[in-house]
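Please examine the sequence and the structure before reading on.

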Amino acid sequence: MKWYADRPGRFLRQIIADLVVLAWVGGWIWLGFQVHDTVQQLRGPGDRLVSAGSGLRDVFTSAAASAGKVPLVGGQLANALGAGVQAGATLANAGNGEIDTAESLALWVPVALVLGPVLFALAIWLPLRVRYARAAAAAQRLARLDGGEDLLALRALTRLPLRSLARVSRDPAGDWRHGRHKVIRELAALEQNALGLRSPH
């Protein structure tokens, strides 16, 4: 496939279009990373909850262990302090839940934000580029074949605007049918020029 035209004008337009699409896609991806980093900060309160809950659980666990050694009432004290251990664990679990939610949002919010504009741009730009690359490659192959000029001229007759064809001949279709070589060559060159390609002649 031939991705770029030979003629400077069309080549420049193609390069500019490609750069615009790349900048568009790159800009949205950059924005996605910024949103990810911003949303990721929502896990801060969850981290603090986990830290506070873990600290509380450890303090009460240590206190319950010490209280259990007290004669006679140690078991009751340890059981009473067990509620504090449970409260610390609940707090830590709540923090972990908040962290999971923040991380999930940090992943999916940027994806949802970026996917639409990127796919929209690619859905318009990519088919046009592939179509051009195929058409240009086919025209180049035809130009190298015996009788290729005839086929290029026929493509010009079926594809190009009438005002362009009228510049070649008053009756380009009739001249093509009668095998007038000069007109056929000009029509073939016109088709190649429309694709931004240089005629081999």
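A residue is called buried when its relative accessible area is under 20%, exposed when that area is over 50%, and partly exposed in between. In this predicted model, the buried residues of helix α4 are Gly148, Glu149, Leu152, Ala153, Ala156 and Leu157. Helix α4 covers residues 148-159, and its twelve residues should span 16 Å at 1.5 Å a residue; the end C-alpha atoms are 16 Å apart, which agrees.

The report now turns to charged pairs. Side chains of opposite charge can pair when their charged atoms come close.

| Salt bridge | N to O distance |
|---|---|
| Asp18 and Arg129 | 3.0 Å |
| Arg43 and Asp47 | 2.9 Å |
| Glu103 and Arg43 | 2.5 Å |

Asp18 is buried, at 8% relative accessible area, and Arg129 is buried, at 8%.

Arg43 is found in the loop between α1 (8-40) and α2 (44-67). Together, Arg43, Asp47 and Glu103 form a network of salt bridges. Because Glu103 lies in helix α3 and Arg43 in that loop, this pair ties together parts that are 60 residues apart in sequence. Arg43 is partly exposed at 22% relative accessibility, Asp47 is partly exposed at 31%, and Glu103 is partly exposed at 34%. Beyond its neighbours within four places in sequence, Arg43 is in contact with Ile99, Ala102 and Glu103.

Conventions
Residues numbered from 1 in each chain as written. Predicted model: local features only at pLDDT ≥ 70, side-chain atom pairs only at ≥ 80, totals over all residues. Heavy atoms only, no water. Helix = DSSP H or I, 4+ residues; strand = E, 2+ residues; numbered from the N terminus. Contact = heavy atoms within 4.5 Å. Expected span 1.5 Å × (residues − 1). Buried < 20%, exposed > 50% of the residue type's maximum accessible area, 1.4 Å probe, protein only. Salt bridge = Lys/Arg side-chain N within 4 Å of Asp/Glu carboxyl O.
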